[in-house]
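Okay, thanks for having me. Let me put the structure up on the screen, and then I'll talk you through it.

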Amino acid sequence: MALAMDLSLMTTLLTTTLLGFFLIASAMLECSSHFVQAADVKRPTFLRRLSPAVGLHEEASSEHQYDVDVTSDGPVVRGAKGTFVAVLRANNLGEQITTAPTSFCYTWTGPDYLNVKCGQGDTSTVQIEFEPQVYEAGLHTFHVKVYPESLVLHLLAEGNATIAVTDTMNGEVLAASRAYPQCNTTGDSQCNLPTGANVSLIASVYDPSNYLETAEFLYTWDTGDGQAYFEASPVLEYSYEKMGVYNVTCNTTAVTSSNKIFYGSWTKSIAVLDAITNLTIKSSSPSVKVGNREVVNITCNGSPPINLCLTVLEPTDQHINETNTTCGIVEGESCYSSIVYHFKTSGMYRFIVAATNNVSFAGNVSAIQAHTPSLPAQSITAITIAVVAGLLMTVIGVMAFMQQVQRNRLKHIEVANFDFQMSESDVEDNSPALRVPSVLRILSIQKISREKRPIMNRSSKFYGL
């Protein structure tokens, strides 16, 4: 009897246990069904419009994946606040989803830090104060996990960001110039500046939370050329007169209202170069002849590297033809380049050159006249000799012709032969009647002597020669 009662009691207990396990299993299956239903929800439209960004993330346990991008505004000094921003975005951009959670919970964790923020929207922002007694200088990483607010056990995404906490002030030296905007650089970029140009050197303190807003600053400048300046202003106006590379250093001291002292030191590299001057173009030959290939030299003064671009306009060109433009870089110490150009036709050739380096630009136009080639010196000498010889021959011919004409004329001249024997008394007579025959006699004697004709007699008759 007792044995039967014990068996009945054991049977009842076993049945009750099995029923309890069945109820627990049913509850677990129902809960699992709720999780699956929650995972099948569609993502909201606003998430599909978000742009992907770089960040650390982990895939969610549902078929619809989310990413979270986490950023910080570091570095910050110890005692200041750092800001972290988390942005949630969906990956399945092509899927048309009508229902999705619109409220999320962001759980932030880090060294001695825990913060949970829930609400609508895809962005969460937290500010963390890096108290000196809690945070040492160095890198600190903070994590964030994102859940639907309606189902906080379902992880959508997670990510993290690292921030640098420093004992010294963070900042940099900036360089700025209105006349030379290529010098307006940030970070480690080098400022290029011509000699003699004014530049503004600016000490820029990075203080995103305005922790040092009420602090007093002192700036000590080392311009790199042996000069030092102490300023209360973060801006130093300066110029360099000699070419070279100068490392400008600014040592900064800040004293807060609570008498905390921070130091900072930043360096900027400035390259001072000579601007391009005296840009010239000319032919190596003083007289350029058509058909020749002449050397055209381009020279200038300035700091290399220099980029030279040359455009040639021939006499037939009406506009600048870009296909005739050639460029090259001169890297040597002297600014010199040359080309060999073929002057095909006569006329004016225009050579347009542009020169640039890291700090300046210069341009110039030179006109070179190409002439038709003249006769060589040997040809000119031969022509001169021929002309002179021709003139001599002409003169000789003319003289021979004149002598022949004169001979022909002399054949028709008659000479009167007079008896010029007179007495001394007749000769001494000074009367005009006696002087005329004397003159005629002299002329007659000269004619007869020149023709070498013998006198036939001394009569008063006339004989032809």
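Predicted model: local features only at pLDDT ≥ 70, side-chain atom pairs only at ≥ 80, totals over all residues.

I'll start with the whole chain, then go through some strands, and finish with a few residues and their neighbours.

The chain has 465 residues, and 30% of them count as buried. In terms of secondary structure, you're looking at five helices and 26 strands. What about contacts along the chain? If you take those with a separation of 6 or more, 63% are between residues 24 or more positions apart. The accessible surface of the chain is about 29,000 Å², and carbon and sulfur atoms make up 57% of that.

Okay, strands. Please find the open sheet with five strands, where the order is β18-β24-β23-β20-β21 and the pairing is mixed. Which strands stand at the edges? Those are β18, residues 288-289, and β21, residues 325-330. Each has a single partner strand, so one side of each has no neighbour in the sheet. Inside that order, β23 (residues 347-356) and β24 (residues 361-371) pair antiparallel, with 10 bridges. If you want a landmark there, look for M348, which sits opposite Q369 in β24.

Now move over to β15 and β16. These two run antiparallel and are joined by 12 bridges.

Leaving out residues up to four places away in sequence, T249 touches T220, W221, D222, S265, W266 and T267. V255 is in β15 too, and the strand spans residues 244-255. V255 is partly exposed, at 31% relative accessible area. Together with I261 and Y263, V255 makes a nonpolar surface patch of about 280 Å².

A quick stop at A197, in the loop between β10 and β11. Buried or exposed? A197 is buried, with a relative accessible area of 7%. Beyond residues up to four places away in sequence, A197 touches Y180, Y238, S239 and Y240. From A197 to A179 is 8.2 Å, C-alpha to C-alpha, and those two are 18 residues apart in sequence.

Side chains of opposite charge can pair when their charged atoms come close. How many salt bridges does a search of the whole structure find? Four. Let me show you R89 and D67, which meet in a salt bridge at 3.4 Å, N to O. R89 is in strand β3 and D67 is in strand β1, residues 66-72, so the pair ties together parts 22 residues apart in sequence. R89 also has a salt bridge to D69, with the closest N and O atoms 2.9 Å apart. D69 is in β1 as well, so this pair ties together parts 20 residues apart in sequence. Put together, D67, D69 and R89 are linked in a network of salt bridges. And look at the burial: R89 is buried at 9% relative accessible area, D67 is buried at 5%, and D69 is buried at 6%.

Last one, R78, in the loop between β2 (76-77) and β3 (81-90). R78 forms a salt bridge with E136, with the closest N and O atoms 3.9 Å apart. E136 is in the loop between β6 and β7, and the two residues are 58 apart in the chain. E136 is exposed, at 52% relative accessible area, whereas R78 counts as buried, at 17%.

What else does the R78 side chain reach? The backbone oxygen of P132, at 2.7 Å. There's also a polar contact of 3.1 Å between the side chains of R78 and D167. The residues R78 touches, beyond those up to four places away in sequence, include F130, Y135, V165, Y211 and F262.

That's my tour, and I'm happy to go back to any part of it.

Definitions and conventions: Residues numbered from 1 in each chain as written. Heavy atoms only, no water. Pairing = 2+ DSSP bridges. Helix = DSSP H or I, 4+ residues; strand = E, 2+ residues; numbered from the N terminus. Polar contact = N/O pair within 3.5 Å; in protein donor to acceptor, adjacent residues only side chain to side chain. Contact = heavy atoms within 4.5 Å. Patch = residues over 30% accessible without salt bridge, like charges linked within 9 Å, V, L, I, M, F, W, Y side chains within 5 Å. Areas by Shrake-Rupley, 256 points an atom, 1.4 Å probe, with all protein chains shown as cover. Salt bridge = Lys/Arg side-chain N within 4 Å of Asp/Glu carboxyl O. Buried < 20%, exposed > 50% of the residue type's maximum accessible area, 1.4 Å probe, protein only.
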